[in-house]
Amino acid sequence: MYRNKRYLKLVAFVSAIALVAAACGDGDEEEEEVAPTTQAPTTTAAPTPGDEEEMAADAQLVIGTLLPVTGDLAFLGPPEVAGARLAVADINAGGGVFGADVVLHEGDSGDTNQDIANPEVDRLLALDVDAIIGAASSAVSKLVIDKITGNNVIHFSPANTSPDFTTYDDNGLYFRTAPSDLLQGKVLADLVASEGNEIAGVIYRQESYGQGLADSFRDNFESLGGTVDPFIAYAPGTDNFDAEVDQLAGAGPDAVVVIGFQESATILTTMHERGIGPTSATNVYGVDGNIGGIGAELSDPSIIAGMRGTEPSVDLSSISDFTARLDSAYEGGMQEVYAYGAETYDAIVIVALAALVADSDDPVDIGAEINGVTGGGSKCISFAECKDIIESGGDPDYDGVGGPYEFVEAGEPAAASFRIATYSGGDKPDTTLDEYVFAGG
């Protein structure tokens, strides 16, 4: 039987009132009739069996987004926002969920330097969302995860990669389509070592994302016989990197790994001025926080020609129309940055499919089914195809645009595809030089 979260909340509320009345009443005394102080609800009465079909038709899955429209990761905003819009459009074109269109409320995550994420989450919770998709930044998600999951709402990120979330106490309501940086750190270490570098310097943003990825890279690179020296942390909000780059230059490593966001442009400019940039004899590598959009932040992107980097991504060129659809779903298009668009799209489709399997729009019920719809059943690659499997009594295994995912118990993929991107002089990575590797599993 379909279960509606708003009806269940009413039942709980009415039950609580009944218990209070029973506790306060005295069976030996005649009760005085008291006029009610509030008007009784008129739209949430308990349904009779014959009303269940009508109730299901009235229910809606409500999705909120918390994505980087502004802030240090704003270059990831367009593909993620577009991915969310496309997912909702495709779900609704496929008949929606419980016969009703999915509702989308968009929000901005900002970054940790702005007081945006918490007020946005408050606004989305007030709109009675069932799931919040975002943030992109692991540090921003850390600011709001307790508020979201503490309100029994699903928190689902398409781009969080900090290893901390694997064991986070999240009431079973946090999920991500992005892989843990334990995987990206290995892919990055393999890349740096395979290109003949024996000593790597690392400069990293000291917060949950930067620290986790830097630690993973160091552990994996050292296990391959390499040496990490120096290993330099900087605080978010730092705008001058003279001391840090001087330390890198003094150490003279074979390679430098830059783990950061928008501020990486300043780091790379200073490195170029000190003669240790990609156009010198030093090999330079980036990560998903900077590799896709850092060229556009530089006044002269030619200074990073030869820079390489990793980001979780599938080869979208093999999906004929997805990038074109992302371009059409966002004002001004993607500007050739498509990172995490597929993962955002898939996160929303996974939530919708889990709601169908759960036969409920209660977030706790949906969360209990999310891992299952990503593996172990009949393969399907679209919402409509998976919905048909569910309605036929089957078990879907959604691979989607960015999959296969095969979520483990922690609510995250055990394996993932990674793009190795390369700059060749322009302000975007040269897609003709893209390579893809698969890690984990």
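The chain of this predicted model contains 13 helices and 14 strands, both assigned as DSSP runs (helices H or I, at least four residues; strands E, at least two) and numbered from the N terminus. Of its 441 residues, 52% count as buried, where buried means under 20% relative accessible area with a 1.4 Å probe, protein chains only. Contacts are defined by heavy atoms within 4.5 Å; among those between residues at least 6 apart in sequence, 68% join residues at least 24 apart. Residues are numbered from 1 along each chain as its sequence is written. Local features need pLDDT of at least 70 and side-chain atom pairs count only at pLDDT 80 or more, while totals for chains, interfaces and linings use all residues, and side-chain values use heavy atoms, with hydrogens and water left out.

Helix H6 comprises the 14 residues 181-194. The buried residues of H6 include Leu 183, Val 187, Leu 188, Leu 191 and Val 192, together with Asp 181 and Gln 184. After H6 comes Gly 196, which has a positive phi near 85°.

Helix H12 spans residues 363-370, of which Pro 363, Asp 365, Ile 366, Gly 367 and Ile 370 are buried. The N-terminal end of H12 is capped by Asp 362, with a side-chain oxygen 2.9 Å from the backbone nitrogen of Val 364. Helix H11 (residues 341-358) packs against H12 at an angle of about 105°, the two axes being 8 Å apart; axes are lines fitted to C-alpha atoms over the stretch in contact, and angles run from 0 to 180 degrees between N-to-C directions. H11 is therefore roughly perpendicular to H12, a class covering 65 to 115 degrees. To this contact H11 contributes Ile 350, Val 351, Ala 354, Ala 355, Val 357 and Ala 358, and H12 contributes Asp 365, Ile 366, Glu 369 and Ile 370.

Thr 374 is located in the loop between H12 and strand S11 (378-380). With a relative accessibility of 0%, Thr 374 counts as buried. Beyond its neighbours within four places in sequence, Thr 374 contacts Ile 350, Asp 397, Tyr 398, Tyr 405, Glu 406 and Phe 407.

With a disulfide defined as a pair of cysteine sulfur atoms within 2.5 Å, one disulfide is counted. Cys 380 and Cys 386 form a disulfide with sulfur atoms 2.0 Å apart, and both cysteines are buried. The torsion about their S-S bond is about 100°, so the disulfide is right-handed.

Key
Buried means under 20% relative accessible area, exposed over 50%, partly exposed in between (1.4 Å probe, protein chains only). A polar contact is a pair of N or O atoms within 3.5 Å; within protein, one must be able to donate a hydrogen and the other to accept it, and residues adjacent in sequence count only if both atoms are side-chain atoms. The expected span of a helix is 1.5 Å times one less than its number of residues. Angles under 35 degrees count as roughly parallel, over 145 as roughly antiparallel, 65 to 115 as roughly perpendicular and the rest as oblique.
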